[in-house]
Amino acid sequence: MITGSNAFHGFSVDDIPTARAFYADTLGLEVTEENGMLWLHLAQGTRTLLYPKADHVPATYTVLNFGVPDVDAAVDELVGRGVRFERYPGVEDPKGIQRGWGPTIAWFTDPAGNVLSVIEDASSRR
């Protein structure tokens, strides 16, 4: 029954208008609103639902990864749009980019405190 369903994922935010501004204006994503919730329209028809939650607690893990061909370029572009990247212990790169083990990745948060990333994705180079 569910194998052919139109599956999607989602996470909570504490303020829908603020989330809309961040995801649409700052990140440049296509965002629509329906029933007081937001839909992020991502590559290849992928959708993510953002729903309001009064007692929202930010996720302590990465809830959404954006695969990019060049993490350095993505970080530079997002910093230029006002995004601040996280600095985690053990990551010595001045931009906050983790290099050297696993894929190259850098983390940032949305206004609700949820963790997002730009992550090296060789398939996005096509």
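## Charge over a ring

Arg47 places its charged end over the ring of Trp39, 4.0 Å from the centre. The rule asks for NZ of Lys or CZ of Arg within 6 Å of the ring centre and within 35 degrees of the ring normal.

This is a predicted model: local features need pLDDT of at least 70, side-chain atom pairs count only at pLDDT 80 or more, and totals for chains, interfaces and linings use all residues. Residues are numbered from 1 along each chain as its sequence is written, and side-chain values use heavy atoms, with hydrogens and water left out.

## Salt bridges

The structure has seven salt bridges (a side-chain nitrogen of Lys or Arg within 4 Å of a carboxyl oxygen of Asp or Glu). Asp72, Asp76, Asp93, Lys95 and Arg99 form a linked network of them.

Lys95 pairs with Asp72, with the closest N and O atoms 3.2 Å apart. Lys95 lies in the loop between H2 and S6 and Asp72 in helix H2, so this bridge ties together parts 23 residues apart in sequence. Asp72 also bridges to Arg99, at 2.8 Å between the closest N and O atoms. Arg99 meets Asp93 too, at 2.7 Å, N to O. Asp93 is buried, at 16% relative accessibility, whereas Arg99 is partly exposed at 38% (buried is under 20% relative accessible area, exposed over 50%, partly exposed in between; 1.4 Å probe, protein chains only).

## Nonpolar core

The largest nonpolar core has 30 residues (buried Ala, Val, Leu, Ile, Met, Phe, Trp, Tyr and Cys joined through side-chain atoms within 4.5 Å). Tyr23, Leu27, Phe108 and Val118 have the most contacts inside it.

Methods. Helix = DSSP H or I, 4+ residues; strand = E, 2+ residues; numbered from the N terminus.
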